[in-house]
Amino acid sequence: MEEIRECIGCNICISSWHDGVPVRCTQNPTAGEEWRRGWHPERVTTAARRERVLIVGGGPAGLECALTLGRAGHEVTLADANRAFGGRLTFEKTLPGLSAWNRVAEYRLGRLNEMTNVSMYLESTLGVDEIIDLAPDRVVVATGARWTNMLYSTLEIPVGTLEHPQVFTPDDIAAGRMHEGPTLVFDFDNYYMGGVLTEHLASLGIDVSYVTPAGQASAWTIMTNELPLVHKALARRNVPVTTLHMVSAFDGETATLTHLFNGEQSTVACKSVLIVGMRTPRGELYAALMDRLDELTAAGIRSVERIGDTLAPGAIAHAVHSGHKLARELGTADTGKPYRRDTPFVDAEPAFAPCVAAE
């Protein structure tokens, strides 16, 4: 029973169908890869050479990487600077409708706690010196990403940041830095976070409005069949929704909105702005390790890798897949190996015989 990975209800699988791309699953990173990459859903090949692997960061990517490496027989050390494992999930699981998402962390922690070849440490901030002292065979950096206050033009070109003491990001809310209402949420991430944070703030009694350059609130959730639910949730909270507008200025009292197509401007009275837009990797540790690569090599460290949001910010499904992929390939000849593709031909003959008219 403990090996069952419960669905979290994120519908990332449905989005794959809508987009016409290979299926993905947040809980099961082997979904869609059974034939393409030869990944069995339940079996991990035992490593030919067992190594000591240090993973820095215990979010979705780090947890999945540690679990898969542990199943392959490696000696794994998982370290996280926070007081609990889960990374972004430690906050997101507290938001409206997202409690089931913590199953991603719960399942992996349950399995990891049973492994004698995996050691886990919380409140452990590691720098380059500490990593060199530990001298593992491999280092995996899974330190996640951070939200920014960057703004974009209508062509999705960065045009600078919105600077003001009362401009916040989701990281501020996660850290408990609540702000004064009325609040304007400016969402050009367009997935779930902008809508769910707006609902969260409204549930706390904060006067909040929602603005997006897209045509709907949390527009990409149309791919996960959640778009109507987002709009219903905001309507229940009496949240005003403004679409097709950019936030172009904010002075602490008023936000200036610019229409996406005709350039007409309008204003909204607000005390603070919450930007849900772009994330950038927390790459400081990785960069510092790369700067001292000679010392790492001298300490016997064979490689330093990035996974999850540290490599490329994305959805939780992408982070889990990234951690699993690295663990499957670490120290093998499969790294960079192209996956198999379907072909309409078998043994140089057409898979389907053409119709031939009778003589």
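Biologist: Which residue in β2 does Val-56 stand opposite?

Modeller: Strands of a sheet pair through backbone hydrogen bonds, either parallel or antiparallel. Here Val-56 stands opposite Ala-79 in β2. Strand β1 and strand β2 (residues 75–79) run parallel and are joined by five bridges. Two strands count as paired if DSSP finds at least two bridges between them; strands (E, at least two residues) and helices (H or I, at least four) are DSSP runs, numbered from the N terminus. Please note that this is a predicted model, in which local features need pLDDT of at least 70 and side-chain atom pairs count only at pLDDT 80 or more, while totals for chains, interfaces and linings use all residues. Residues are numbered from 1 along each chain as its sequence is written, and side-chain values use heavy atoms, with hydrogens and water left out.

Biologist: In what order do the strands lie in the open sheet with β1 and β17?

Modeller: The order is β3-β2-β1-β4-β17, five strands in an open sheet with parallel pairing. At its edges stand β3 (118–121) and β17 (303–306); each has a single partner strand, so one side of each is left without a neighbour in the sheet. On average, neighbouring strands of this sheet are turned by 15 degrees against each other, direction ignored.

Biologist: Which strands does α2 lie across?

Modeller: Helix α2 lies across β1, β2, β3 and β4 (138–141), and runs at about 165 degrees to β2. Such angles run from 0 to 180 degrees between N-to-C directions, and the axes are lines fitted to C-alpha atoms, for helices over the stretch in contact. Contact means heavy atoms within 4.5 Å. Helix α9 (residues 284–291) lies across β1, β4 and β17, at about 155 degrees to β17.

Biologist: How does one read the packing of α2 against α4?

Modeller: Two packed helices are described by the angle between their axes and the distance between the axes. The axes of α2 and helix α4 (residues 103–112) come within 10 Å and cross at roughly 30 degrees. The two helices are therefore roughly parallel to each other, a description used for angles under 35 degrees. The crossing is left-handed, that is, the near helix is turned anticlockwise from the far one by less than a right angle. Among the residues that meet are Leu-63, Leu-67 and Arg-71 in α2 and Val-104, Tyr-107 and Leu-112 in α4.

Biologist: With which residue does Arg-71 form a salt bridge?

Modeller: A salt bridge is a side-chain nitrogen of Lys or Arg within 4 Å of a carboxyl oxygen of Asp or Glu. Arg-71 forms one with Glu-3, at 3.1 Å from N to O. This pair links distant parts of the chain, since Arg-71 belongs to helix α2 (residues 60–71) and Glu-3 to the segment before α1 (12–19), 68 residues apart. Arg-71 has a relative accessible area of 29% and is partly exposed; Glu-3, at 42%, is also partly exposed. Buried means under 20% relative accessible area, exposed over 50%, and partly exposed in between (1.4 Å probe, protein chains only).

Biologist: How many residues separate Glu-329 and Lys-325 in helix α11?

Modeller: They are four residues apart in helix α11 (residues 316–329), which means a separation of about one helical turn. Glu-329 is buried at 10% relative accessibility, whereas Lys-325 is partly exposed at 26%. Elsewhere, salt bridges that share partners join Glu-51, Arg-52, Asp-137, Arg-138 and Arg-302 into one network. By the rule stated above, the count comes to 23 salt bridges.

Biologist: Are the residues of β15 buried or exposed?

Modeller: Five of the five residues of β15 are buried. In a regular strand the side chains alternate between the two faces of the sheet. Accordingly, Ser-272, Leu-274 and Val-276 point one way from β15, and Val-273 and Ile-275 the other way.

Biologist: What is the strand order of the open sheet that holds β15?

Modeller: The order is β8-β15-β9-β10-β11, again five strands with parallel pairing. β8 (167–168) and β11 (241–242) are the edge strands, each with a single partner strand. Two bridges join β8 to β15, and Val-167 has Val-273 as its bridge partner. Strand β9 (residues 183–187) is joined to β15 by five bridges, with Asp-187 partnered by Val-276.

How values were computed. Parallel < 35°, antiparallel > 145°, perpendicular 65-115°, else oblique.
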